[in-house]
Amino acid sequence: MPAITGTAPGKIILLGEHAVVYHQPAIAVPVNQVSTKTYIQADPAAPDRRVMIDAPNIQLKEKLQNLPADHPLQMIASAVLHSLDVDHIPAAKIKITSTVPLAAGLGSSASTTVSFARALSTFLGRILTDAEINRIAFEIEKIHHGHPSGIDNTVITYDRSVYFIKGEPFEWIHVSEPITLVIADTGISSSTALVVNDVRSNWQKDPTRYDLLFSKIGACVSKARQAIECGDLSTLGETMVENHSLLQKLDVSCPELDHLVEIAMQAGALGAKLSGGGRGGNMVALAASEESARQISDCLISKRAARTIITTIPVSR
Ligand code: PMV
């Protein structure tokens, strides 16, 4: 029997991070230049009918049965079994590999969950719907991030640009001009959960100031959506610049992110901002063309970006 495969992309938040936790809108897009793949091969001759799991990115090689009940991979397996009303996984070898960097704002945890849950449900004989996969991935994001908005699991499950408001049905974004982005990594790993908690305690101390910042970010996102839907890239760039300055006021940027944002703007980006949890991880810049994207990327690398990814969001109606 050939191996079963499940794949999921990475993602980048274009605008609206942090405020989205407080029910403001955000926009996220899939990043297919990085991905997670899960392979499952039946292994009927395995001793003890064991299910071996090999996830080199997190240095894990262990029997699934030996992982604690609250380990994310164990929880994904249990959630899939529960959804399918199946009581066990037949003996198998599972391998999970990913090119999505960890703790960098590119959705590594949601990408792992979606890829593993998809492969496992197929291996067990019924492909879960995207809605079921998304629901499982959201539950697992809560273990990783405490109070996630749900945007990461949604954009990664559906592999489509999304306009997202926590607790409301999400909407697809209609992209009328291709959007070329340069994503650059500070090389600093940052815990989203920690930054989200800091923002929460600052908000609790001064709700008036923080609610105002959140609603200004929400207004940027609405303007950006209109710009994307009209193909107005220069307005989209302006909203990204404004969003970055609001994120600085939320105290989630850091000198390295600010530096890369400045370099991208000097290199001709139409807009640039930090992306995701902040205080490290990645920034994202909007390029006017693929050629400009390559120039921006070269400048970012020459000014200490750890790595860059160029991605283009295609037209979608
Ligand atoms: O660091 P990332 O890419 O997982 O993004 C986190 C985005 C936040 O808005 C800060 C948190 C969330 O759950 O939406």
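This is a predicted model: local features need pLDDT of at least 70, side-chain atom pairs count only at pLDDT 80 or more; totals for chains, interfaces and linings use all residues.
**Entry 1, the shell.** I began by listing what surrounds the ligand, and I found 15 residues, the closest being Lys-11, His-18, Ser-149, Asp-152 and Thr-192. Sorting the shell by class, I noted six nonpolar, six polar and three charged residues.

I then looked up which N or O atoms of the protein face the ligand's oxygen atoms, and for Ser-149 I found a polar side-chain atom 2.5 Å from one of them. For Asp-152, a side-chain N or O atom lies 2.9 Å from an oxygen atom of the ligand, while Gly-277 places a polar backbone atom 2.9 Å from a ligand oxygen. I also checked the cover, and of the 380 Å² that the ligand exposes when taken alone, the protein buries 95%.

I asked where the ligand sits, and the answer is the largest pocket. Strand 1 (4-15), helix 4 (151-158) and helix 5 (192-205) are the elements that each give two or more residues to the ligand's shell.

For the largest pocket I noted a space of about 780 Å³, lined by 44 residues, of which Ser-108, Ser-109, Glu-141, His-144 and His-145 are closest to its centre. Among the elements giving two or more residues to this lining I recorded helix 1 (72-84), strand 5 (92-98) and helix 3 (130-145), along with strand 1, helix 4 and helix 5. Helix 2 gives the most, with four residues. By class I wrote down 19 nonpolar, 21 polar and four charged residues for the lining.

Methods
Residues are numbered from 1 along each chain as its sequence is written. Side-chain values use heavy atoms; hydrogens and water are left out. A residue is near a molecule or strand if one of its heavy atoms lies within 4 Å of it. A polar contact is a pair of N or O atoms within 3.5 Å; within protein, one must be able to donate a hydrogen and the other to accept it, and residues adjacent in sequence count only if both atoms are side-chain atoms. Accessible areas come from the Shrake-Rupley method with a 1.4 Å probe; for residues, only the protein chains shown count as cover. On a 1 Å grid over the protein atoms alone, a cavity is a set of points where a 1.4 Å probe fits but cannot get out, and a pocket is an open set with protein on both sides within 12 Å along at least five of seven lines; lining residues have an atom within 4 Å of a point. A molecule sits in a cavity or pocket if more than half of its atoms lie within 2 Å of its grid points. Ala, Val, Leu, Ile, Met, Phe, Trp, Tyr, Cys and Pro count as nonpolar, Asp, Glu, Lys and Arg as charged, and the others, Gly among them, as polar. Grid points are joined across faces, edges and corners, and a volume is the space filled by probe spheres set on the points.
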